[in-house]
Amino acid sequence: MLSKTSNLTKRQVLKTFYAQQSLRSFAAANQETLENLKKLGITNKNIVYDPTVSELYEYALLPEHLTSINPHVTATTIADSGALSVSSGLKTGRTPKDKRVVLDDTTKDSIWWGSVNIPISPKGFARNRRRAIDFLNIRPRLFIIDGYAGWDEEYRMKCRIIATRPYHALFMKQMLIRAPIEQLKKDFAKGADFTILNAGEFPADPQTEDVTSDTSVNVNFTDHEAVILGTQYAGEMKKGVFGIMHYYMPQRGALSMHASANEGAKGDTTVLFGLSGTGKTTLSADPHRSLIGDDEHVWTNKGIFNIEGGCYAKCVGLTREKEPEIYDAIRHGAILENIKYFPDQARSVNFDDISLTENTRTCYPLEHIPGAKIPALGGHPKNIIFLTCDANGVLPPISKLTKEQIMYHFISGYTAKVAGTEMGITEPVATFSACFGEAFLPLHPYKYAKMLAEMVEKYHTNVWLMNTGWSGGKYGVGKRMSLKISRGILDQIHNGSLEKAEYETMPGFNLRVPKKVEGIDSTILMPINTWKDKAQYADEAKKLSHKFIKNFEKYHDGTPQEVIQHGGPSTNF
């Protein structure tokens with residue numbers, strides 16, 4: 001019947017069909033859920049509750065959803081792999097300077113206020129929230145995604161996402177932990193532990209109190225809500241949930257970690273800390289180990305668990321040869337965000353095209369990775385790796401840390417912000433990010449560092465510092481450490497040989513560097529050996545050591561003197 005109608009009639013039939021689907025989804029939500037939405041101020045009757053992946057594809061291709069109201073968002077389509085290809089518009093990375101936390105009686109004495117956690121008044125939040133609710137209520141339909149943050153049922157949090165774009169709904173359906181609809185309706189009958197109101201298609205009003213641009217991402221720990229205005233970058237929702245877990249987990253004696261994790265055949269767990277672009281996702285997707293998760297975990301007295309139900313990986317230069325697990329995960333149910341394709345080649349993806357952004361991304365459910373561990377739980381870590389992308393080319397590819405160095409380097413969190421991870425970053429910029437995730441820490445870094453040190457000691461965990469950055473020179477001169485080298489070193493950590501290796505001390509930074517790593521050219525292990533100009537290396541090493549020392553000054557109060565004296569680099573080279 002449909003094939004015989006005109007194009008206009010086809011569109012009318014499709015719109016009627018999807019309207020019916022929307023009403024059925026609305027009816028599927030129980031009365032308690034509908035009442036909870038009403039309490040939030042949601043009066044929009046076109047509700048799509050917990051749609052399937054296929055339904056979200058269908059909604060995404062409707063005329064009203066093919067493009068956002070933002071003129072800079074390009075059309076949604078389906079790539080040749082079966083993944084949904086989408087655009088987030090002008091904002092293709094997080095905007096941390098626009099993040100705000102409500103300052104009130106709940107947070108005034110607990111939040112780590114400053115450049116990371118910028119306050120917004122309850123009045124300013126209320127205006128942003130009203131603006132978001134008004135927008136949500138006039139859109140053609142709203143998508144409600146209920147899911148869990150955390151695989152451990154004892155610690156998990158119930159999260160509800162209210163969004164206007166099908167792509168955002170699909171993103172969070174894959175990133176949260178999923179459950180049958182009947183379980184969701186039962187568990188969320190009394191509401192969610194935290195709700196995200198994503199009105200990112202609509203701008204914030206810069207005239208609002210404590211708002212300085214048309215983008216504003218707000219968190220209210222008293223009302224258990226987050227509001228997004230002026231950015232459609234899906235990563236804001238993901239990291240919003242992470243920040244929530246970072247706030248609540250330490251209160252329950254659990255350490256939240258910006259880290260990936262995997263498990264060996266003998267049940268040995270490895271945790272890899274690091275900022276975006278340092279290799280957390282790539283190195284955790286190991287064909288010889290089971291993936292627990294690629295980015296966010298919690299360490300409890302029972303072991304570790306993944307916070308998420310999916311992965312969010314960078315895609316620049318992605319090939320099946322280099323990263324087969326990630327490449328093959330991009331199929332039906334996955335999202336390609338801000339990545340161009342070859343329109344004349346059956347919409348095959350061009351992973352080398354970074355004309356939209358260098359922060360090209362893919363999102364896919366955890367089960368798309370072969371051998372992923374479901375449920376995503378692991379034992380106490382045998383090895384912890386601090387990943388650093390050293391753009392100075394000074395640090396060794398691997399070193400084993402002492403107790404004092406563990407504290408020092410975790411608090412320092414040295415790396416380089418790589419191009420595209422945040423708006424305005426176009427080449428590596430040296431930075432110190434406490435706990436390898438300062439941007440997501442609502443509490444003071446000492447809280448997390450102290451917990452890590454205690455747990456490492458209690459569970460006899462080895463801690464390593466791995467440089468996935470440059471060797472043979474700084475950025476622009478040397479070359480970035482190859483994935484083959486990093487994986488080869490990890491293999492030797494996992495099989496236990498590096499734990500038994502003979503070490504020598506790297507001058508200046510006092511790091512214990514193995515003299516030999518099976519399968520790796522020994523020349524690269526001590527960084528100075530890879531530089532043609534040894535004097536230039538010494539100069540760069542001295543500059544970096546001074547950056548470490550200067551950065552750590554703000555942590556002197558409350559830090560044990562032995563950590564300051566023996567954990568970091570010296571001034572003598």
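Contact is taken here to mean heavy atoms within 4.5 Å. The structure is a predicted model, in which local features need pLDDT of at least 70 and side-chain atom pairs count only at pLDDT 80 or more, whereas totals for chains, interfaces and linings use all residues. Residues are numbered from 1 along each chain as its sequence is written, and side-chain values use heavy atoms, with hydrogens and water left out.

Not counting residues up to four places away in sequence, Asn-220 touches Val-102, Asp-104, Phe-125, Phe-194 and Glu-225. Asn-220 belongs to strand S9, which covers residues 216-220; helices (H or I, at least four residues) and strands (E, at least two) are DSSP runs, numbered from the N terminus. With a relative accessible area of 4%, Asn-220 is buried, where buried means under 20% relative accessible area, exposed over 50%, and partly exposed in between (1.4 Å probe, protein chains only). A polar atom of the Asn-220 side chain lies 3.0 Å from the backbone nitrogen of Thr-222, and a polar atom of that side chain lies 2.9 Å from the backbone nitrogen of Asp-223.

The domain assignment of the protein chain, which is of automatic or database origin, gives domain 1 (26-72 + 94-252), domain 2 (255-300 + 380-567) and domain 3 (312-368). The C-alpha centres of domain 1 and domain 2 are 33 Å apart, and 19 residues of domain 1 are in contact with 21 residues of domain 2. Between them these two domains bury about 2000 Å², 62% of it on carbon and sulfur atoms, the buried area being the accessible area (1.4 Å probe) that two parts lose on being put together, summed over both. Within domain 1, the residues that lose the most area to domain 2 are Arg-94, Trp-112 and His-246, together 35% of what that side buries.

Four salt bridges are found across the interface of domain 1 and domain 2, a salt bridge being a side-chain nitrogen of Lys or Arg within 4 Å of a carboxyl oxygen of Asp or Glu. Lys-238 forms a salt bridge with Asp-295, with the closest N and O atoms 2.8 Å apart. Helix H8 (residues 235-248) gives the most to the side of domain 1 that touches domain 2, contributing seven residues. Lys-238 and Asp-295 are also linked with Lys-239, Lys-280, Glu-296 and Glu-308 in a network of salt bridges.

In the whole structure, 27 salt bridges are found. In the one formed by Arg-127 and Asp-205, the closest N and O atoms are 2.7 Å apart; this pair links distant parts of the chain, with Arg-127 in helix H5 (residues 122-138) and Asp-205 in the loop between strand S8 (194-199) and S9, 78 residues apart. Arg-127 counts as partly exposed at 42% relative accessibility, whereas Asp-205 counts as buried at 16%. The side chains of Glu-182 and Lys-185 likewise meet in a salt bridge (3.0 Å, N to O), and these residues are separated by about one helical turn because they are three residues apart in helix H7 (residues 181-187). Glu-182 counts as exposed at 52% relative accessibility, while Lys-185 is buried, with a relative accessible area of 12%. For Lys-403 and Glu-457, the side chains meet in a salt bridge at 3.9 Å, N to O; the pair links helix H11 (residues 403-412) with helix H12 (residues 445-458) across 54 residues, and Lys-403 counts as exposed at 56% relative accessibility.

Definitions and conventions. Polar contact = N/O pair within 3.5 Å; in protein donor to acceptor, adjacent residues only side chain to side chain.
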